[in-house]
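Subject: Structure handover

Hello,

Please find the structure below, with notes on what was found in it. The notes start with a term that is needed later.

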Amino acid sequence: MQDGQRPQRKGRFVDTLKAVGWAFFGVRKGRSHEYDMHHLNAVHVILVGLLLALVFVGVLVMLARFAAA
């Protein structure tokens, strides 16, 4: 690694999904949080969080339409 370069993070997509999924429920272990901070890319976490939020809202809208029908 050269001076001024950050080490590349090597988190898997599945790890990002799990981290965001557990965060939606509000349960994270300290050990898992530390792993996530060092291995997951923050941009990927944000994108997956937005995607899962859109899916969650979509499911809620579909359930509301089903219940109203």
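Two residues are in contact when they have heavy atoms within 4.5 Å of each other. This is a predicted model, in which local features need pLDDT of at least 70 and side-chain atom pairs count only at pLDDT 80 or more, while totals for chains, interfaces and linings use all residues. Residues are numbered from 1 along each chain as its sequence is written, and side-chain values use heavy atoms, with hydrogens and water left out.

Overall layout

The protein chain has 3 helices and 0 strands, and its pattern along the sequence is α-α-α. Helices (H or I, at least four residues) and strands (E, at least two) are DSSP runs, numbered from the N terminus. Of contacts between residues at least 6 apart in sequence, 78% join residues at least 24 apart.

The accessible surface of the chain is about 6,200 Å², and 66% of that belongs to carbon and sulfur atoms. These areas come from the Shrake-Rupley method with a 1.4 Å probe; for residues, only the protein chains shown count as cover. Of the 69 residues, 12% count as buried. Buried means under 20% relative accessible area, exposed means over 50%, and partly exposed is in between (1.4 Å probe, protein chains only).

Asp-15 is found in helix 1, which covers residues 13–25. Is Asp-15 buried or exposed? Asp-15 counts as buried because its relative accessibility is 11%. Apart from neighbours within four places in sequence, Asp-15 is in contact with Tyr-35 and Leu-40.

The structure holds 1 salt bridge, a term for a side-chain nitrogen of Lys or Arg within 4 Å of a carboxyl oxygen of Asp or Glu. Arg-12 forms a salt bridge with Asp-15, and the closest N and O atoms are 3.2 Å apart. Arg-12 counts as exposed, at 52% relative accessibility, whereas Asp-15 counts as buried.

Asp-36 is found in helix 2, residues 30–39. Asp-36 is buried too, since its relative accessible area is 13%. With neighbours within four places in sequence left aside, Asp-36 is in contact with Ala-19 and Arg-28.

Asn-41 lies in the loop between helix 2 and helix 3 and is partly exposed, with a relative accessible area of 32%. Asn-41 and Thr-16 are 25 residues apart in sequence, and their C-alpha atoms are 8.3 Å apart in space. Which backbone nitrogen does a side-chain oxygen of Asn-41 reach at the start of helix 3? That of Val-43, to within 3.0 Å.

Helix 3 has 27 residues and spans 39 Å from its first C-alpha to its last, close to the 39 Å expected at 1.5 Å a residue. The expected span is 1.5 Å times one less than the number of residues.

A nonpolar patch on the surface is formed by Phe-24, Leu-51, Val-55, Phe-56, Val-57, Val-59, Leu-60, Val-61, Met-62 and Leu-63, with about 930 Å² of accessible area together. Patches are made of residues with over 30% relative accessible area and no salt bridge; like charges are joined within 9 Å, and nonpolar side chains (Val, Leu, Ile, Met, Phe, Trp, Tyr) within 5 Å. The largest share of the patch, 9 residues, comes from helix 3, residues 42–68. Leu-63 is found in helix 3.

Regards

Technical notes. A polar contact is a pair of N or O atoms within 3.5 Å; within protein, one must be able to donate a hydrogen and the other to accept it, and residues adjacent in sequence count only if both atoms are side-chain atoms.
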